[in-house]
Amino acid sequence: MIEKYDVYKKIESSGLVAVIRARNQQEALKITEASLNGGVGAIEITFTVPNAHEVISKLASEFAGANILIGAGTVLDSETARIAILSGASFIVSPCLNISTIKLCNRYAIPYIPGAMTVKEALEAMELGADIIKVFPGEISGPKIIKAFKGPLPYGKFMPTGGVNLDNVAEWIAAGAVAVGVGGSLTKSASTGNYSAITEIAEKYIEKIKEARLLLY
């Protein structure tokens, strides 16, 4: 099992989490492989995917030892989180903070990334042990919300999801995001079977993230 600290560092190092809503296991496998080839550090299989736990289990097995993490997203409760963990998920992501879920993840030393849209929500998640907060839905506020959060919460680590694209990813990083979650703008070409495009787009995201980080230091 990957240590909790190493999972967080992998997500931060890559800076890109691919949010996958695949139609089946085979599509999820191909998207993951294409994402890995493009430098993506983590894959988030949402529980809106049919039989998501089986997809996670398959990916965790197929990509064991590869330089990519397999996690679960759209996890709304602790029961779903436990299923995901038993299926091999290395991290859990929720659209909002769920107390029973963060307690369960802490119990089993599994990283939990809950969503927040207010300072109050972010602070509560941090106090309960969340090391990265998912800013969701990001398209409502745009990158300025990261700077707003970092004012009263300078030690907070934030990962926007929703509304992140190639045109604004550098702005999100410049605002202080440690990573970004990207769905359709990265994976949409899977619907036409063009998986090489996913690799190309992932590479562009990684390059823009690297460039934005260089300007910060």
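In helix α2, the buried residues are Glu27, Ala28, Leu29, Ile31, Thr32, Ala34 and Ser35. Keep in mind as you look that this is a predicted model. An α-helix has 3.6 residues a turn, so residues three or four places apart point the same way.

Helix α2 itself runs over residues 25-37 and has 13 residues. From first C-alpha to last, α2 reaches 18 Å, close to the 18 Å expected at 1.5 Å a residue.

Now look at the two ends of this helix. At its start, a side-chain oxygen of Asn24 comes to within 3.2 Å of the backbone nitrogen of Gln26. Just after α2, Gly39 has a positive phi of about 95°.

Thr74, in the loop between β3 and α4 (78-86), has a phi of about 55°. Thr74 counts as partly exposed because its relative accessibility is 23%, and buried would mean under 20%. Ala109 has a phi of about 55° too, and you can find Ala109 in the loop between α5 (99-107) and β5 (112-113).

Finally, visit Phe136. The peptide bond from Phe136 to Pro137 is cis, with omega near -5°, and Pro137 belongs to the loop between β7 (133-135) and α7 (138-141). Over the ring of Phe136 sits the charged end of Lys134, 4.4 Å from the ring's centre. Elsewhere, the charged end of Arg82 sits over the ring of Tyr108, 4.1 Å from its centre.

How values were computed:
Residues numbered from 1 in each chain as written. Predicted model: local features only at pLDDT ≥ 70, side-chain atom pairs only at ≥ 80, totals over all residues. Heavy atoms only, no water. Lys NZ or Arg CZ within 6 Å of the ring centre and 35° of its normal. Helix = DSSP H or I, 4+ residues; strand = E, 2+ residues; numbered from the N terminus. Expected span 1.5 Å × (residues − 1). Buried < 20%, exposed > 50% of the residue type's maximum accessible area, 1.4 Å probe, protein only. Polar contact = N/O pair within 3.5 Å; in protein donor to acceptor, adjacent residues only side chain to side chain.
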